[in-house]
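Welcome! Have a look at the sequence and the 3D picture below, and then we will walk through the fold together.

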Amino acid sequence: MTVLQSETTPLQTEADIVRVRHAVRQWAIAQGFSLIDQTKLVTATSELARNTVVYGGGGTVQLDALTRGSRRGLRLIFVDQGPGIPDIPQAMTDGYTTGEGLGLGLGGSKRLVTDFEITSHPGEGTRVCITKWK
């Protein structure tokens with residue numbers, strides 16, 4: 001796998017979430033993703049960026065344009081130093097929420113992408129890495 005382009009962006013405010021959504025759409029277009037795959041990636045981005053800001057107290061997202069042979073992809077790595085997730089399997093369960101939402105963010109995001117990895121430790125923050133291949 002080769003990284004063609006990489007950019008790290010802060011996620012601290014609602015405006016940052018909007019900027020990241022726009023950037024991901026532009027990167028997905030540049031990688032040749034279909035409109036459906038663009039929408040899936042932007043939706044997952046929106047959920048994970050919001051989690052980073054609301055539950056993680058802010059952080060960063062790294063966008064990577066990838067190639068693997070003839071395939072093109074996008075990888076996003078969301079990192080925060082928030083309170084962490086004490087029970088990842090429970091947090092991945094549809095309907096589970098610690099806030100006001102529907103509890104579909106993590107599990108829903110996983111269903112929208114090709115690869116999904118999450119690591120989190122209480123008191124140390126959370127790292128979510130998603131990849132969507134064309």
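Helices (H or I, at least four residues) and strands (E, at least two) are DSSP runs, numbered from the N terminus. This is a predicted model, in which local features need pLDDT of at least 70 and side-chain atom pairs count only at pLDDT 80 or more, while totals for chains, interfaces and linings use all residues. Residues are numbered from 1 along each chain as its sequence is written, and side-chain values use heavy atoms, with hydrogens and water left out.

## The sheet

Let us begin with the strands. Two strands pair if DSSP finds at least two bridges between them. Here, 5 strands form an open sheet in the order 1-2-3-5-4, with antiparallel pairing. Strand 1 (2-11) and strand 4 (115-121) each have a single partner strand and stand at the edges, so one side of each is left without a neighbour in the sheet. On average, and with direction ignored, neighbouring strands of this sheet are turned by 10° against each other. Such angles run from 0 to 180 degrees between N-to-C directions, and the axes are lines fitted to C-alpha atoms, for helices over the stretch in contact.

Now find strand 3 (residues 71-80). Strand 2 (residues 59-68) pairs with strand 3 in the antiparallel sense over 10 bridges. Strand 2 and strand 3 form a hairpin with 2 residues between them, and Gly-69 in the turn has a positive phi of about 65°. Across this pairing, Arg-68 has Arg-71 of strand 3 as its bridge partner, and Val-61 stands opposite Phe-78 in strand 3. Strand 3 also pairs with strand 5 (residues 125-133), again in the antiparallel sense, over 8 bridges. There, Asp-80 has Thr-126 of strand 5 as its bridge partner.

Helix 2 lies across strand 1, strand 2, strand 3 and strand 5, and runs at about 10° to strand 3.

| Helix pair | Axis distance | Angle |
|---|---|---|
| Helix 1 (residues 14-30) and helix 2 (residues 35-54) | within 9 Å | roughly 155° |
| Helix 2 and helix 4 (residues 105-112) | 9 Å | about 150° |

Angles under 35 degrees count as roughly parallel, over 145 as roughly antiparallel, 65 to 115 as roughly perpendicular and the rest as oblique. Helix 1 and helix 2 are therefore roughly antiparallel to each other. Their crossing is right-handed; that is the name when the near helix is turned clockwise from the far one by less than a right angle, and left-handed is the name when the turn is anticlockwise. Residues of helix 1 in this contact include Ile-17, Val-20, Val-24 and Ala-28, and those of helix 2 include Leu-35, Val-42, Ala-49 and Val-53. The residues of this contact divide into 10 nonpolar, 4 polar and 4 charged. For this count, Ala, Val, Leu, Ile, Met, Phe, Trp, Tyr, Cys and Pro are nonpolar, Asp, Glu, Lys and Arg are charged, and the others, Gly among them, are polar.

Contact means heavy atoms within 4.5 Å. Helix 2 and helix 4 are therefore also roughly antiparallel to each other, and helix 2 passes helix 4 in a left-handed crossing. Lys-40, Thr-43, Ala-44, Glu-47, Leu-48 and Asn-51 of helix 2 meet Gly-105, Leu-106, Ser-109 and Leu-112 of helix 4. This contact divides into 4 nonpolar, 4 polar and 2 charged residues.

In helix 4, Gly-105, Leu-106, Gly-107, Gly-108 and Ser-109 are buried. These buried residues pack against helix 2, helix 3 (88-91) and strand 4.

Asp-16 sits in helix 1. Is Asp-16 buried or exposed? Asp-16 counts as buried, at 9% relative accessibility. Not counting residues up to four places away in sequence, Asp-16 touches Pro-10 and Leu-11.

Gly-125 belongs to strand 5 and is buried, with a relative accessible area of 6%. Gly-125 and Ile-85 are 40 residues apart in sequence and 7.6 Å apart in space, C-alpha to C-alpha.

Val-3 lies in strand 1 and counts as partly exposed, at 41% relative accessibility. Leaving out residues up to four places away in sequence, Val-3 touches Asp-64, Ala-65, Leu-66 and Arg-75.

How values were computed
Buried < 20%, exposed > 50% of the residue type's maximum accessible area, 1.4 Å probe, protein only.
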